[in-house]
Amino acid sequence: MFASRWLQAPLYLGLIVAQGVYVYVFMVELWHLMHDVFAGEAPFTEATVMLAVLALIDVVMIANLLIMVIIGGYETFVSRINIDGHPDQPEWLSHVNANVLKVKLAMAIIGISSIHLLKTFIEVGDLGSGVPSETGETYTAQGVLWQVVIHVTFIVSAFALAAIDKMSTSARNAEKRGAQLDAELQDGVAVR
C-alpha cells in the first residue's frame with residue numbers, strides 16, 4: 001500500500017513535460033513581441049506592449065506554479081529529494097508540507113488571477129463606449145464583474161487556507177511545548 005505513492009511519479013513527469021511546453025510558449029510569445037517591435041509592421045502602443053509583457057509574466061507565473069506543484073508535491077507525497085545544503089535549494093522547500101504547499105499554490109493562483117484581471121482592465125478602457133479592445137476581444141460589464149468576483153473569491157480562499165495553517169501550526173507548537181514541560185517535570189519538581 002505504501003509503495004502505491006509511486007503511482008504519482010508519472011504525473012509529476014507529465015507536469016515536467018507541461019513545463020517544457022510553457023517554455024516553448026514563452027519563447028514564441030517573446031519572439032512575436034520582438035518581431036512586432038523591430039519590424040514595425042503593426043501600430044504599437046504602450047498598452048499593446050504592456051499586454052504582451054503581461055502575457056509573458058502570466059506564462060512565467062504558471063511555470064512557477066508548476067515548479068511548486070512538481071517539486072513540493074513530489075517531496076510531500078512521493079519521496080524526499082535529498083538536496084539539503086545544495087546552493088540552489090529553494091528556500092520554501094526546507095519547510096514544505098501539504099498545508100504550506102496549499103497556501104503557496106493559493107498565492108500563486110492569486111498572482112495569476114491578478115495578471116489576468118490587470119490585462120482585462122487595460123483592455124476594457126472605456127467599457128461600453130463601443131471602442132474595441134487592444135486585442136479585439138469583446139468585454140461586458142457583467143463579464144468584468146465576474147472576473148473581479150472570482151479574483152476576490154481566490155483571495156478569501158487563500159486567507160482561509162493561511163488561517164487554517166496558522167491554527168494548526170499553533171496547535172502543534174502548543175503540543176510540543178506541553179511535551180517539553182512534561183519532560184522537564186519529574187515528580188512535580190522542575191528539573192533543569
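Glu 75 is buried, at 11% relative accessible area, where buried means under 20%, exposed over 50% and partly exposed in between, using a 1.4 Å probe and protein chains only. Its partner is Arg 80, with the closest N and O atoms of this salt bridge 2.7 Å apart. The term covers a side-chain nitrogen of Lys or Arg within 4 Å of a carboxyl oxygen of Asp or Glu. Arg 80 itself counts as exposed, at 60% relative accessibility. A search of the whole structure finds one salt bridge.

A word on the model before we go on. This is a predicted model, in which local features need pLDDT of at least 70 and side-chain atom pairs count only at pLDDT 80 or more, while totals for chains, interfaces and linings use all residues. Residues are numbered from 1 along each chain as its sequence is written, and side-chain values use heavy atoms, with hydrogens and water left out.

**The overall layout**

The chain has four helices and two strands, in the order α-α-α-α-β-β from the N terminus. These elements are DSSP runs numbered from the N terminus: helices are H or I with at least four residues, strands are E with at least two. Of the 192 residues in the chain, 23% are buried. Contacts are heavy atoms within 4.5 Å; among those between residues at least 6 apart in sequence, 71% join residues at least 24 apart.

The structure holds two aromatic pairs, listed here.

| Pair | Distance between ring centres | Angle between planes | Geometry |
|---|---|---|---|
| Trp 6 and Tyr 74 | 6.2 Å | 70 degrees | edge-to-face |
| Tyr 12 and Tyr 74 | 6.2 Å | 85 degrees | edge-to-face |

Rings of Phe, Tyr and Trp (its six-membered ring) pair if their centres lie within 6.5 Å; planes under 30 degrees apart are stacked, over 60 edge-to-face, and the rest tilted. Trp 6 sits in the segment before helix H1 (9-39) and Tyr 74 in helix H2 (residues 46-77), so their pair ties together parts 68 residues apart in sequence. Tyr 12 belongs to helix H1, and its pairing with Tyr 74 in helix H2 links positions 62 residues apart. Together, the ring pairs join Trp 6, Tyr 12 and Tyr 74 into a cluster. Tyr 12 is buried, with a relative accessible area of 11%, whereas Trp 6 is partly exposed at 38% and Tyr 74 is partly exposed at 22%.

**The core and helix H3**

Seven residues form the largest nonpolar core: Ile 62, Leu 65, Met 68, Leu 101, Leu 105, Ala 108 and Ile 112. Such a core is a set of buried Ala, Val, Leu, Ile, Met, Phe, Trp, Tyr and Cys residues joined through side-chain atoms within 4.5 Å. H2 and H3 each supply at least two of its residues, and H3 gives the most, with four. Beyond its neighbours within four places in sequence, Ala 108 contacts Met 61, Leu 65 and Met 68.

Helix H3 (residues 98-124) also holds Ser 113, which is buried at 11% relative accessible area. Not counting residues up to four places away in sequence, Ser 113 touches His 151 and Phe 154. With His 151 there is a side-chain to side-chain polar contact of 2.7 Å; the term means a pair of N or O atoms within 3.5 Å, where within protein one must be able to donate a hydrogen and the other to accept it, and residues adjacent in sequence count only if both atoms are side-chain atoms.
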